[in-house]
Amino acid sequence: MKEFVYLDTELVNSCLAQLNEGLLTKLTVSKAEQKENEEEGGNQITKTVGGSLGVEGLVKGNGDYSNTEFDKFKIVFSEANTELVDTILDDYSLDVLVDKLGSERLLTSESVWSEGDFISIKDNFYVYNLEILESITRDESVSLVMLEDEELIEAETELKTLTSSKALRNKHSERIKVLKKFIKSKSSKDNFNLVNRFAAFGQLLYPDSILIRIDDTLSILDKKNLRVNSPTLSAMGQTKRPLKMIGIVMSKRNKNIIPEEGVQLESDIIASSTHSIFTEIILDSYNLLEDDGYFVRPIAIFFDLE
């Protein structure tokens with residue numbers, strides 16, 4: 001049994017169609033049943049007729065004869081019923097694909113892969129639901145649950161007063177430095193703001209998607225293929241159960257794509273590589289993937305209930 005988190009049915013069917021030179025989408029089983037019933041009835045009628053027999057003047061005698069008539073019927077009742085049972089090869093099609101890939105020696109669980117490899121991995125995971133993450137790390141959201149102590153509130157009030165005019169800023173510059181340092185050490189807003197910036201920019205790079213890291217791989221999940229809703233998937237990030245993934249290696253991480261400091265890129269390179277460059281910056285800034293990690297296109301992600 002599998003507890004599916006994500007299943008790209010179109011990709012499964014595409015792979016099966018190419019491996020099998022055609023796609024079996026369902027099995028139809030026909031069950032026929034026939035009943036017959038036979039009835040008979042009617043009447044049998046026998047008539048007897050009497051009279052004289054012989055030739056006048058020679059021989060005389062009496063005689064009779066009988067006539068039997070049949071009035072009978074036979075009726076046959078027949079009833080036929082055909083039942084069609086359709087079995088859709090949906091979730092089970094993944095098992096068919098895995099078996100086929102295994103028999104063809106196309107599925108690997110090794111740790112070193114090439115682009116285009118079909119892989120199977122099972123490990124702990126981390127979920128990055130960018131849309132929810134951006135929403136809950138806004139200042140107004142954080143203030144609903146993060147209760148700040150009285151000293152912090154007083155320090156923020158004093159800082160606001162001392163920075164309200166240029167004259168006050170000049171007069172209390174040292175005090176302002178002390179207050180800022182104290183507020184930074186006590187407040188958690190800076191950390192939430194950093195995460196909020198990551199989530200907001202991540203949505204621009206990966207719209208309508210969720211990121212998931214399993215072992216040393218990073219995958220982009222299309223929300224329409226999720227078997228659980230987004231909040232449930234985020235909550236699953238707390239489980240200690242390992243998650244299994246069947247997928248296709250897209251590429252290996254390439255840090256060399258980031259230009260050196262002071263280097264100006266040509267416009268055509270910017271147009272074609274900006275997305276990859278920004279992805280690398282995000283990966284570096286928030287430690288989302290190891291330097292030798294892989295980007296994987298997921299086919300299926302699930303908990304294996306063995």
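In this predicted model, Arg 105 is placed in the loop that runs between H2 and strand E4 (107-108). The phi angle of Arg 105 is near 55°, a positive value in a residue other than glycine. Arg 105 has a relative accessible area of 78%, and because exposed residues are those over 50%, Arg 105 counts as exposed.

A positive phi is also found at Asp 215, where the angle is near 55° in a residue that, again, is other than glycine. Asp 215 belongs to the loop between strand E7 (209-214) and strand E8 (217-222), and with a relative accessible area of 40% this residue is partly exposed.

Helix H2, which spans residues 92-103, is paired with helix H1, residues 9-20, in such a way that the two axes come within 10 Å and cross at roughly 45°. The crossing of H1 and H2 is left-handed.

Elsewhere in the chain, Leu 144, Val 145 and Met 146 together make a nonpolar surface patch of about 340 Å². Met 146 is located in the loop between helix H4 (139-145) and helix H5 (150-162), and its relative accessible area of 37% makes this residue partly exposed.

How values were computed. Residues numbered from 1 in each chain as written. Predicted model: local features only at pLDDT ≥ 70, side-chain atom pairs only at ≥ 80, totals over all residues. Heavy atoms only, no water. Patch = residues over 30% accessible without salt bridge, like charges linked within 9 Å, V, L, I, M, F, W, Y side chains within 5 Å. Areas by Shrake-Rupley, 256 points an atom, 1.4 Å probe, with all protein chains shown as cover. Salt bridge = Lys/Arg side-chain N within 4 Å of Asp/Glu carboxyl O. Helix = DSSP H or I, 4+ residues; strand = E, 2+ residues; numbered from the N terminus. Buried < 20%, exposed > 50% of the residue type's maximum accessible area, 1.4 Å probe, protein only. Axes fitted to C-alpha atoms, helices over the stretch in contact; angles between N-to-C directions. Left-handed = near helix turned anticlockwise from the far one by under 90°.
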